[in-house]
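Have the structure open as you read.

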Amino acid sequence: MVDDPFIPCQHLDSRDLPEGQGFEGWRQVTEPVFEVMPADPEAPFSVSYRAYHLGDILVGVGQFDATHFSRSRHKIRVDGLDHIMLQLYTAGGYKGDL
């Protein structure tokens, strides 16, 4: 996939990271929006993810191992984000607190 130079895009692939750093990379990518924890902290973590920033809309495309997401009221107050994020799960599902 070729990125459009006019659409901001963020990409993460755990295969590009040192062994054992997949979840840390995922945490850094998601921390502006969510607080995350791996579902199984002892298991290797794999992720391939691309997020497009379209003004007030974020579109994420990818696959990643099980993750617990949280977006606390405190985080909502301090991060200043007011976006719509679209995620379509074709396998697995979503479990989180928003």
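## The largest pocket

Sort the lining of the largest pocket by class and you get 11 nonpolar, nine polar and two charged residues. Keep in mind that this is a predicted model. The pocket holds about 430 Å³ of space, and its lining counts 22 residues. Look for G62, Q63, F64, Y89 and A91 if you want those nearest the centre.

As for where the lining comes from, β4 (57–64) and β5 (67–70) are the elements that give two or more residues. The largest share belongs to β4, with six residues.

## The second largest pocket

Next up is a pocket with a volume of about 290 Å³. It's lined by 18 residues, and Q10, V29, V33, A51 and L58 sit closest to its centre. By class, its lining has 13 nonpolar and five polar residues, with no charged ones.

Four elements turn up here with at least two lining residues each: β1 (9–13), α1, β3 (47–54) and β4. Of these, β3 gives the most, namely four residues.

## T30 in helix α1

Helix α1 spans residues 22–30, and T30 is part of it. Is T30 buried or exposed? T30 counts as buried because its relative accessible area is 7%, under the 20% cut-off.

What does the T30 side chain reach? The backbone oxygen of W26, at 2.9 Å. Leaving out residues up to four places away in sequence, T30 touches V36 and F69.

Methods: Residues are numbered from 1 along each chain as its sequence is written. This is a predicted model: local features need pLDDT of at least 70, side-chain atom pairs count only at pLDDT 80 or more; totals for chains, interfaces and linings use all residues. Side-chain values use heavy atoms; hydrogens and water are left out. Buried means under 20% relative accessible area, exposed over 50%, partly exposed in between (1.4 Å probe, protein chains only). A polar contact is a pair of N or O atoms within 3.5 Å; within protein, one must be able to donate a hydrogen and the other to accept it, and residues adjacent in sequence count only if both atoms are side-chain atoms. Contact means heavy atoms within 4.5 Å. On a 1 Å grid over the protein atoms alone, a cavity is a set of points where a 1.4 Å probe fits but cannot get out, and a pocket is an open set with protein on both sides within 12 Å along at least five of seven lines; lining residues have an atom within 4 Å of a point. Grid points are joined across faces, edges and corners, and a volume is the space filled by probe spheres set on the points. Ala, Val, Leu, Ile, Met, Phe, Trp, Tyr, Cys and Pro count as nonpolar, Asp, Glu, Lys and Arg as charged, and the others, Gly among them, as polar.
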